Each structure stands twice: as C-alpha cells, then as structure tokens.
Amino acid sequence: MTDRENILNDARIYVKKELAGDSSGHDWWHIVRVTRTAKLLAEVEQADMYICELAALLHDIADEKLNESKEAGLAKVVQWLEHAGVDEAGREHIRDIVSTMSFGGGAGQPMATLEGRIVQDADRLDALGALGIARTFAYSGSKGQLIYDPELLPREELTHEQYRKGRSTAVNHFYEKLLKLKLLMNTEAARVLADERHQFMKLFLQQFDQEWELGNERYVEESVYPQGGISRVHIAFDDSTSGSLRIVFRGFPGEKVVCLNDDLMVGPLQSEGDPEGWSRRLQWWQKCINGREQDDIMEYLLKAAFAWRLWPVRLQELPIVIWAGDSTAEQVGLRRLLAVLPQTAAVSLVNATSILHERVREIWYQCTGEIPPEKLAPLLEEAKPLQADIRNAYTADWKRLIEEGGTLRVLEAGELRSVQEDYFDEKIVEAAHDLEAKNGKYLKSARLIGEVIGHSEQRISDTFIEYRVRELIAQGLLTYTGELKAMRYYSVSLVEEKLELALRKSTRLHWSVKLLPELEALMGQLSEQNAQVEAVEPMMESMLEPVLQGLEGSLNNAENGGNTEGEQAVLKLLKEWKQGEQEQNERRKVISQILSGMVLTLKHVPDINDAVQKGAHLNLPSRVEFGRIETDPYSDKA
C-alpha cells in the first residue's frame with residue numbers, strides 16, 4: 001500500500017469516528033456520498049484525484065457548524081494532516097479547499113483551484129434533490145427550528161452571521177440557500193446533475209404548498225409557494241388547462257393558477273346551501289364508477305370538494321381571471337363559481353375556444369385544455385371584465401340547473417340543458433354497429449369508448465361513457481367477454497336477438513336499416529329514367545331544332561302572308577315545352593344527387609353533422625326550387 005493509500009485509509013477511519021454520532025445531516029454517509037461524487041467529477045475534469053478525495057473526506061471536520069468556531073475546525077484538519085504525514089503543498093491545498101468551500105450565506109470566496117471547485121460541487125450536489133430535502137429537515141430538527149412558520153419570511157440578503165445564527169425554518173432554507181445552488185455550480189458536469197435535483201425540490205415545495213393549503217382559509221396569506229405574494233388568480237376547471245396555464249405563467253410568481261376540477265357535466269349538482277349535496281354526488285359517482293377506479297375517483301372528488309369549499313372564500317380580495325371555454329364542464333363551472341363569489345370580486349373571463357375559433361374558423365377546440373400554452377398566453381389580453389348584469393344571468397342559469405336536478409348536462413347552440421343519462425347511448429350503439437361489433441364479433445371496450453368520444457361534439461369523460469356501456473350490458477343490448485372491473489379488461493358486441501331494440505336507440509341506424517333499401521331502389525329508378533332521357537334527348541333536340549328555326553324564319557319574313565299569330569303561339573309553346581323539359585331533367589339530377597348523399601350518409605357517416613360536411617363534395621346548389629316550395633337540401637324538411 002502506498003503512502004497516499006495509507007493516508008486516505010487513515011482519513012476514512014478518523015472521519016467515520018468523528019462524525020459517527022451526527023444527526024444533523026453531516027454524518028459519515030454524507031461524507032461517503034460527497035467523496036464518491038468528487039472522485040467522479042475529478043475523473044471527468046481530469047483533476048488531482050488524491051487531493052479531491054482527501055479534501056472531500058475531511059471537509060466537514062472543519063465545518064464551523066460542527067465546531068466552536070471556524071478557526072477551531074481548521075486547526076483540527078491541519079493537525080490531522082501533519083500527523084498523517086501529508087506534505088506541505090498538500091496540506092496547504094486541502095486547507096484552502098475546506099476553509100473556502102462553505103456557502104456562508106452566498107457570499108463566500110470563489111474556489112482558487114480545480115480540485116476546490118470539484119469538492120465544493122460534490123458537497124452542494126448532496127444538498128439538492130431528495131437527499132438535500134432529507135438533510136434539510138434533519139439539520140433544522142437538530143437546531144430546534146420549525147418546519148414552517150408563515151410569519152417568518154425567507155431572508156433575501158444575508159450576512160454570514162445572520163445565515164449562521166438568525167431565526168429561520170426548514171422551508172425557508174430552500175429559498176435562502178438550496179434553490180440558489182444550481183446556478184452556483186462550478187463545473188459543467190455538476191450543473192447537469194444539479195438540474196434534475198433542483199426540479200425535484202421545486203416539486204416538493206409545490207406539494208408541500210398543496211398540503212398546507214388543505215382546509216386553510218388563510219392559505220393566500222400563508223402560501224409557501226411562490227414567495228412574494230399572490231397578485232392575481234387564474235381559475236381553470238380541469239387539470240389540463242391548469243397545467244398549460246402554469247407553463248404560461250412560469251416565471252411570474254404573482255400569477256397563481258387554481259384548478260377547480262370537478263367534472264360538473266355529470267352527476268347531481270350541489271348548491272352552496274345544501275350540506276347533503278356532496279353526499280348525493282358521491283353516491284351517484286359510486287354507482288357509476290368501476291371497481292378499479294374507486295380510489296382514484298374518490299381522491300379526485302374529495303380534492304374537488306375541498307377546493308370548491310375554500311377557494312371562493314379566499315378569492316374575495318383578489319383579481320380573478322376565469323378561463324372557461326365552450327365545453328359543458330367549463331360552462332357549468334363558470335356558473336357555479338360566479339354564483340358563490342361576491343359581487344364585489346373583480347372577475348374577468350377568457351373564453352379561449354371561442355376567441356380562437358373567431359380568428360380561424362376552420363379550427364374548433366372542444367375545451368380550453370386542448371389549447372397549447374403558446375396559444376393561450378396571448379389571450380390574457382382578451383380577458384373581459386364581467387359586468388353585474390352578465391354575472392347575474394350566469395348565476396340565474398346556475399340556479400336553473402340546480403332546480404332541474406339532472407345528472408347529465410350538454411351544451412347545445414351555446415345553451416346548457418339537462419338531459420337523460422342515456423343521452424349518449426345512441427352514439428355507443430352506432431359506434432358498435434359501425435365498428436362491426438355484432439354477430440358474435442367482439443370489440444375492446446376501450447376502442448368503442450374512444451370512438452364515441454372521438455366523434456362526439458360534446459367533451460365527455462371516458463369514465464361516464466364506460467358507465468353507459470356497462471348499463472347497455474345490463475339492459476341486454478350489449479354482451480361482453482372478460483371482466484368488467486375496468487374498460488381495458490373486457491370486450492363488447494351487440495346482441496343479435498335484441499338488435500332491433502338496439503337500433504331504436506339510434507335514429508340514424510334505424511333509418512339506415514329501414515330506409516336504405518327503399519332509397520337505393522328509388523335511386524335505381526331515377527338513374528334508369530335519367531339514362532332513358534339522356535338517350536332520347538339528342539334525338540328530340542335534333543327533331544325540334546329545325547321546327548323552331550323554321551318558325552322563327554317564317555315570322556321574320558316580311559312578305560309572309562300566313563297566320564303569324566298562330567305561328568307565334570306555336571313557337572311560344574314549343575319553347576316553353578323545351579325549357580320545361582330541361583328544368584325537369586335538372587330537377588331529376590338534383591334529386592338523384594340528394595338521394596346519393598343520403599345513401600352515403602346512412603352507409604358510412606357515423607354522425608349526421610359529419611354528413612352535412614361530407615355533402616359539400618356533391619356541389620349541390622344551396623337552395624333548389626320544387627314547384628312553389630324552396631327547400632334547403634340539408635334541412636330536416638328536405
């Protein structure tokens with residue numbers, strides 16, 4: 001064993017003995033981690049491995065937190081180095097490293113050597129991430145500090161004395177030191193490693209903040225994240241929208257995003273003066289949800305209930321921006337929130353889906369959550385303050401929905417209306433029929449549910465549609481294989497014996513089965529007539545044209561002594577007959593085109609609204625005159 005190996009081995013024995021009983025986060029295993037990291041960084045940076053390892057082993061022996069003073073700690077290190085036989089250059093180098101590597105409130109001297117920068121980075125990396133969080137609370141506990149005290153704000157500028165002896169908390173330590181370390185790393189390798197740990201600590205603080213919020217009516221004043229106070233609150237009604245908004249307002253600590261994410265499209269609604277309303281809603285959900293989803297849905301409902309219980313109280317003194325697009329859940333949420341906020345609250349509204357649709361008519365987002373953050377950001381300028389009369393109208397509409405007592409609501413033509421729970425059953429049956437889930441052929445439930453949601457004009461949850469699939473199974477309209485514990489575990493098929501009953505669930509399929517043969521037969525007759533007319537038309541044209549020309553020539557001959565009035569009458573009748581035949585032929589062709597479009601719709605188009613759009617390729621006139629009745633080919637009357 002070489003002298004250096006002996007020195008390093010002696011250092012391990014000495015440090016382990018000195019720090020074995022430490023419970024402040026500066027124990028022997030902290031030394032082991034820092035030493036391992038220092039050696040890796042030394043290899044990457046091609047530094048002196050021996051100096052890096054020895055300095056890493058001894059760095060906390062000199063830490064003033066663990067000694068009477070900084071000087072006393074340094075003296076212990078120097079004394080041990082001399083006793084161990086480290087040469088003078090090595091002693092000075094290591095002394096310089098351990099004396100200047102401490103954070104010390106952020107005002108410490110820069111490290112003079114590469115080895116010093118590496119050991120400092122290794123020590124700081126162990127102050128970040130999950131290990132850094134654990135060490136922070138261990139140290140705070142050893143010093144008798146609180147976990148968090150809202151009345152003790154983080155200190156921005158600290159002297160060395162204030163950093164060491166000032167009153168603080170464990171959570172404040174993140175803002176006073178730990179969140180600053182990423183930008184203070186010396187080496188590129190350490191900066192890369194620090195980033196992930198830095199993000200983990202930010203997530204921890206966010207989670208801490210959410211848990212501190214629970215049941216806390218003074219949360220706005222006591223929030224630990226972000227520091228600096230809340231200047232404005234942005235309300236979203238689903239997790240996707242709130243996530244996008246948090247990206248939009250990243251770097252703007254005064255902009256607080258709050259998610260009130262109860263899906264109010266479905267289930268009984270709860271008025272604020274109804275203490276049993278939440279129990280009814282919970283019982284309804286328990287009836288609907290599958291066994292595997294029970295725990296997740298219960299957690300979701302509890303968090304939503306707590307948020308709705310507390311946030312309206314907290315919002316009374318803050319400017320509010322409500323982000324509510326043209327989805328049923330968002331529009332019901334908007335009405336509920338306005339019903340519980342006082343009239344004095346400063347409320348603005350951004351309907352992002354409507355704004356973007358007005359700008360680009362071909363684009364239509366079903367809900368705000370579908371819109372990417374980069375498109376949401378500029379829309380804050382479009383926030384419109386809600387006047388009292390508009391707010392009152394929303395509140396009145398909320399009361400109407402409460403009084404209706406429904407368990408499913410849809411948004412149609414800008415109006416919310418309560419509908420029966422089987423409202424989407426027609427679409428489920430249609431999708432199963434279109435996907436050939438019949439005659440003993442089974443289709444994955446998840447595939448069927450995705451088809452229904454994908455073609456629905458309403459933004460509806462897969463949980464609700466899956467509930468309706470199970471209801472159709474219970475009614476005997478669908479059969480299944482597998483286990484009904486979750487949608488991914490079973491497949492479904494239409495029951496052949498009850499196909500007629502299933503078809504009555506769907507207007508489109510009913511018309512498809514009953515009328516398609518008749519329409520196709522009628523189309524065949526018209527095609528045959530059109531073919532006959534087209535075959536005869538040239539011959540009739542060739543026979544009629546000379547007669548017309550002869551009559552016109554006779555009338556134009558001034559010396560003609562014939563019965564010009566009779567000839568004029570004949571000429572007029574022949575021209576009217578020719579024009580009538582041409583118009584009749586055109587009407588027959590238009591009718592054929594309309595029938596062709598209807599057959600196409602009944603055969604292939606899963607939604608009647610899609611049929612209207614698909615009909616555009618037929619190039620039909622917008623209005624066709626049949627006798628005295630003008631009819632739009634795509635209207636219900638047509």
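Which backbone nitrogen does a side-chain oxygen of aspartate 87 reach at the start of α5? In this predicted model, a side-chain oxygen of aspartate 87 lies within 3.2 Å of the backbone nitrogen of alanine 89. Local features require pLDDT of at least 70 and side-chain atom pairs pLDDT 80 or more, whereas totals for chains, interfaces and linings use all residues of the predicted model. Residues are numbered from 1 along each chain as its sequence is written, and side-chain values use heavy atoms, with hydrogens and water left out.

Helix α5 comprises residues 88-100; helices (H or I, at least four residues) and strands (E, at least two) are DSSP runs numbered from the N terminus. Its buried residues (under 20% relative accessible area; exposed is over 50%, partly exposed in between; 1.4 Å probe, protein chains only) are Gly90, Ile94, Ile97, Val98, Ser99 and Thr100. The cover over these buried residues includes α3 (49-58), α4 (70-84) and α6 (114-125), contact meaning heavy atoms within 4.5 Å.

Five strands form an open sheet of mixed pairing in the order β2-β1-β3-β4-β5, where two strands pair if DSSP finds at least two bridges between them. Because β2 (255-259) and β5 (384-385) stand at the edges with a single partner strand each, one side of each has no neighbour in the sheet. Strands β3 (residues 320-323) and β4 (residues 347-350) run parallel and are joined by four bridges, with valine 321 opposite serine 348 in β4.

In the loop between α19 (425-434) and β8 (443-444) lies glutamate 436, a non-glycine residue with a positive phi of about 65°. Glutamate 436 is partly exposed, at a relative accessible area of 40%.

Definitions and conventions:
The expected span of a helix is 1.5 Å times one less than its number of residues. A polar contact is a pair of N or O atoms within 3.5 Å; within protein, one must be able to donate a hydrogen and the other to accept it, and residues adjacent in sequence count only if both atoms are side-chain atoms.
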